[in-house]
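Let's take a walk through this model together, starting from the inside and ending at the strands.

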Amino acid sequence: MDITAFWQDIIGIKESWLLGELTRHSSVRLLKKNDIVIWENEPLTEIPLLMSGVVKSYCLDAEGKEKIICLVYQPGAPVTSIYSLDGDISSIGTIAVVCDASLLYIPVGVLKQLIENHREAAQVYENILSNSLREVVERDRALASCTVRQRYEWFVRYYPGLEKQVSKKDIASFLNMSSESLSRVIRVK
């Protein structure tokens, strides 16, 4: 998919001038499995959006183990948190490629200016923020109120087909359970 088609068909930009500006300032990068998109706390100068593939965001716990905080698999989703474009922003986690991925990058300054000056860009940004918040709340609810089995069932329902693309270790981390617990759930199912 080319850049213009991405902004138009996946993101939903309709205004031709805005579409032209987004296209002009965007670039696409192809990344391989295990590539690092950005390190935790690294300043963000560009915002990557997923075109294809799967990426994960993680932090390291006190023992140095990855704790996955987010899985991104839907085209158009931001690969890094963009809850605020004010001031200097940095990545809240390390972002790594799970399955070969294609990412569209747009400079933060350009995106911020377009959002501030164009209603359609502001509306798209608001929709992205709303979707991101919904995903965080859904996951938090599942982690807080569901049994180990229910969390896995929620994952399979909420992330259809992802269990075939993401390692069991990563799924267990994302669902805040041990790999052994996940294995037991899958065996009994």
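A cavity here is a set of points, on a 1 Å grid over the protein atoms alone, where a 1.4 Å probe fits but cannot get out. Points are joined across faces, edges and corners, and a volume is the space filled by probe spheres set on them. This is a predicted model, in which local features need pLDDT of at least 70 and side-chain atom pairs count only at pLDDT 80 or more, while totals for chains, interfaces and linings use all residues. Residues are numbered from 1 along each chain as its sequence is written, and side-chain values use heavy atoms, with hydrogens and water left out.

With that in hand, look inside: the structure holds one cavity of 30 Å³ or more, and the largest cavity contains about 130 Å³ of space. Its lining (residues with an atom within 4 Å of a point) comprises 13 residues, and Trp 7, Leu 111, Val 124, Tyr 125 and Ile 128 lie nearest the centre. Two or more lining residues come from each of α1 (3-11), α3 (108-117) and α4 (119-145); helices are DSSP runs of H or I with at least four residues, strands are E runs with at least two, and both are numbered from the N terminus. The most, four residues, come from α4.

Now turn to the strands, which pair if DSSP finds at least two bridges between them. β3 (residues 46-60) runs antiparallel to β5 (residues 94-107), joined by eleven bridges, and Ser 52 sits opposite Ser 102 in β5. β3 also pairs with β4 (residues 66-72), again antiparallel, over six bridges; here Tyr 58 faces Ile 68 across the pair. Five residues separate β3 and β4 in their hairpin, where Gly 64 in the turn has a positive phi of about 85°.

Conventions: 1 Å grid on protein atoms, 1.4 Å probe; cavity = no way out; pocket = protein on both sides within 12 Å on 5 of 7 lines; lining within 4 Å.
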